[in-house]
Amino acid sequence: MSNYDVVVIGSGPGGYVSAIRCAQLGMKTALVEKYDTLGGTCLNVGCIPSKALLDSSHHFEDTQKHLEEHGIEVQGPVTLNLAKMMERKSGVVSQTTKGIDFLMDKNKIDVLHGVGEFEDQNTLTVNGKDKQTLTAKHFIIATGSKPASLPFIEIDKKRVITSTEALSMTEVPKHLVIIGGGVIGLELGQVYRRLGAEVSVVEYMDRIIPTMDGAQSKELTKVLKKQGVKFFLSHQVQGVSADKNEVTITALDKKGQEVQFTGDYCLVSVGRKPYTEGLGLDKAGVAVNERGQIQVNDHLQTNIGHIYAIGDVVRGAMLAHKAEEEGVMVAELIAGQKPHINYNLIPGVVYTWPEVASVGQTEEQLKAAGVAYKSGQFPMRALGRSRASGDVDGFVKILSDAQTDELLGVHMVGARVADLIAEAVTAMEFRASAEDLARMSHAHPTYAEAVKEAALAATENRPLHI
Ligand code: FAD
Ligand code: NAD
């Protein structure tokens, strides 16, 4: 039996980052992972492979459709080698997961492969390759999440698939029907649309990315429609049936009439659910809520004081960087420090092109809370940088307090806004006003100038370039 200061269960961005921070703080740390590779959902079947495919498919589309306007002529047809695209994606994943092995070694963290199962509040058995029993002063549960489905859908992983299968297709679908117009549906929908698939998105709500600002939903819908994606909003899916080659989705449209969609693949992307199977939570006496999330207090402690839980398996946004922040926070709490996370300032990004990025409150949330606010918006198309690159879709929208001018929310659609949102996060962490942003110099020509202009619009309604 081995004894540790901390045993972390799950090696996703929550778990492995937490293990590193524990080790940095001088704790004897073990990391338990049931799969052979480290990195969890994010590195193996999430953030990294999806971004690799988004980048590859973007190059394919640019070469097919957009190089000519730059005076670049391609002789002969542009053809797709999907197997090679997937091989590159797998290479990117494997380089990235090997990087975590290196980090574990560097920080002298013991990595044990096998399913971690609590025997009691102080003992965890590792069942698998590195079978053994561990005791620890503290445990950090970082077991993440799995794709959710609807009760009447059978995911056969052949015709009816989740994001995991969609990241490793051996052919481009002829018609990909996507249930759920959230982040996964839109990112992977755009990949296969660019590669030539007909793509139909069936969404329950009256807009896509329904948790983001309404202006972003509208702009992204407009752009994706131009790219050929079809949207069926306010549609309630009733059934999905599949045979060897075909899948049929039945739904009720907003008038309550039955409609059918037939495709060769159906991607179910209606959210994800916390994963705690096989963990032995009952034996440790750790409580979960009605959604299956491990219950935690503000310090991410479960009802058993020395057992913590972080990331997708607890409440809050299911995002890699949220899991990482929580991993660091728990390590520092255990070390006796007083860390804090401002959950309002965890940015959200959709990596379609144009990208979509947000931080703080949406206009809908401010209205619902009865907060008096000012709003300023600036279109990307008015920037010299956008015209130079040809990326003219999108805008930056800034919401600030009507009295104090403090930034309350920043919402963007456009080229590279996944990176631009960091400026807004920084400003909001320092409780800047819209005027503060408006008075800072932004390099010309950059997409960031849209942030300054939207801030000018929010502050005194005096943008310079529109
Ligand atoms: P996970 O990454 O899910 O890791 C949990 C780990 O625990 C897994 O490796 C699992 O095998 C292991 N485990 C579970 N039970 C046990 C056990 N009993 N014993 C041992 N090991 C166990 N987020 C972003 O911020 N940006 C993105 O661009 C992004 N893209 C995504 C794309 C897709 C297609 C998907 C599906 C998700 C994406 N996400 C993205 C979400 C992101 O992947 C998750 O929020 C993140 O991985 C959560 O981290 P985690 O550490 O909580 O859990
Ligand atoms: P999501 O919550 O983003 O979107 C689910 C969508 O499905 C919503 O629009 C919802 O209204 C819709 N929906 C729910 N039930 C439905 C039904 N019965 N019929 C039709 N539509 C229905 O979930 P997701 O896209 O599956 O992604 C899961 C998680 O993974 C998200 O929480 C997200 O944070 C994370 N993720 C993040 C990124 C990123 O940060 N870029 C990328 C991919 C995934």
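How many nonpolar, polar and charged residues does the shell around ligand 1 have? By class, 17 are nonpolar, 17 polar and five charged. Here Ala, Val, Leu, Ile, Met, Phe, Trp, Tyr, Cys and Pro count as nonpolar, Asp, Glu, Lys and Arg as charged, and the others, Gly among them, as polar.

## Ground rules

This is a predicted model, where local features need pLDDT of at least 70 and side-chain atom pairs count only at pLDDT 80 or more, while totals for chains, interfaces and linings use all residues. Residues are numbered from 1 along each chain as its sequence is written, chains are lettered from A and ligands numbered from 1 in the order in which they are written, and side-chain values use heavy atoms, with hydrogens and water left out.

## Ligand 1

Ligand 1 has 39 residues around it, with Glu33, Thr41, Lys51, Gly116 and Ala320 the closest; a residue is near if one of its heavy atoms lies within 4 Å. On its own, ligand 1 has 1000 Å² of accessible area, and the protein covers 94% of that (Shrake-Rupley method, 1.4 Å probe).

Helix 2 (40–45) is among the elements giving two or more residues to this shell, as are helix 3 (47–66) and helix 9 (320–334). Helix 2 makes the largest contribution, four residues. Helices (H or I, at least four residues) are DSSP runs, numbered from the N terminus.

## Ligand 2

Around ligand 2 there are 22 residues, and Ile184, Glu187, Glu203, Gly271 and Val349 come nearest. Backbone atoms turn up here: isoleucine 184 has an N or O atom 2.9 Å from a ligand oxygen, and a polar backbone atom of glycine 271 is also 2.9 Å from an oxygen of the ligand. Tyrosine 204 has a backbone N or O atom 3.2 Å from a ligand nitrogen.

Helix 6 (residues 183–194) supplies the largest share, three residues. Domain 1 and domain 2 each give at least three residues.

## Domains

The chain divides into domain 1 (2–147 + 273–341), domain 2 (160–270) and domain 3 (347–460), with bounds from an automatic or database domain assignment. The C-alpha centres of domain 2 and domain 3 are 29 Å apart. Where these two meet, 18 residues of domain 2 contact 21 of domain 3 (heavy atoms within 4.5 Å).

Technical notes
Polar contact = N/O pair within 3.5 Å; in protein donor to acceptor, adjacent residues only side chain to side chain.
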